[in-house]
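Here's a quick walk through one model, taken topic by topic. Have the viewer open as you read.

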Amino acid sequence: MECIFCKIINGELNSEIVFDNENIIGFNDINPVAPTHVLFVPRKHIEKVDDFETEDLALIGELIYRAKEYAKKIGLNSSGYRLVFNNGKDAGQAVFHIHLHLIGGRIMSWPPG
Ligand code: 5GP
Ligand code: ZN
């Protein structure tokens with residue numbers, strides 16, 4: 001298994017886990033772009049948004065739900081935050097195990113570069 005996020009999920013690779021349940025884990029990004037940068041990752045290996053199927057609808061919903069609940073837990077909901085899926089090469093996706101970035105703790109510009 002070459003997928004680094006599967007290795008984190010299996011415990012083969014260390015990470016700073018901030019959320020964990022039977023479907024999803026959340027861990028701090030190794031190269032944070034803001035004071036808060038957490039990756040919410042389904043335990044199920046799905047490469048990218050393009051590959052979501054109707055059987056994954058509940059999982060997608062839970063991914064967003066867990067991210068926003070974590071943002072609320074750490075108080076980011078009052079200042080705001082960004083949730084990002086990078087899908088494919090042009091978006092800069094580097095790890096092909098789907099993940100939702102939760103980014104916050106500083107003012108961000110739009111559109112992204
Ligand atoms: P992408 O560009 O694929 O949406 O984002 C991948 C993210 O995974 C990047 O922000 C990168 O810093 C993060 N990342 C890559 N390898 C590791 C790792 O081994 N551990 C952790 N915690 N984050 C990683
Ligand atoms: Zn994987």
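## The zinc site

Both Cys 6 and His 97 come out buried, meaning under 20% relative accessible area, with exposed set at over 50% and partly exposed in between (1.4 Å probe, protein chains only). The two belong to the donor set of the zinc ion (ligand 2), which is coordinated by Cys 3 (SG), Cys 6 (SG), His 45 (ND1) and His 97 (ND1) at 2.0 to 2.3 Å. Donors here are N, O and S atoms within 2.8 Å of the metal (3.2 Å for Na, K and Ca), and water is not among the atoms, so sites may look incomplete. Along the chain, the donors of the zinc ion (ligand 2) follow the spacing C-x2-C-x38-H-x51-H. Cys 6 sits in helix H1 and His 97 in the loop between strand E4 (81-84) and strand E5 (100-104), so this pair links distant parts of the chain, 91 residues apart. Helices (H or I, at least four residues) and strands (E, at least two) are DSSP runs, numbered from the N terminus.

## Where the model comes from

This is a predicted model: local features need pLDDT of at least 70, side-chain atom pairs count only at pLDDT 80 or more, and totals for chains, interfaces and linings use all residues. Residues are numbered from 1 along each chain as its sequence is written, chains are lettered from A and ligands numbered from 1 in the order in which they are written, and side-chain values use heavy atoms, leaving out hydrogens and water.

## Aromatic pairs

Rings of Phe, Tyr and Trp (its six-membered ring) pair if their centres lie within 6.5 Å; planes under 30 degrees apart are stacked, over 60 edge-to-face, and the rest tilted. That rule gives 3 aromatic pairs. The Phe 5 and Phe 27 rings have centres 5.3 Å apart and planes at 80°, so they go down as edge-to-face. Phe 5 is in helix H1 (residues 4-10) and Phe 27 in strand E2 (residues 24-28), so the pair ties together parts 22 residues apart in sequence. Phe 5 and Phe 27 are both buried.

For Phe 19 and Phe 40, the ring centres are 6.3 Å apart with planes at 45°, so that pair is tilted. Ring pairs link Phe 19, Phe 40 and Tyr 70 into a cluster. Phe 40 is buried, at 0% relative accessible area.

## A cis peptide

Most peptide bonds are trans. The one from Trp 110 to Pro 111 is cis, with omega near 0°. Pro 111 is found in the segment after E5.
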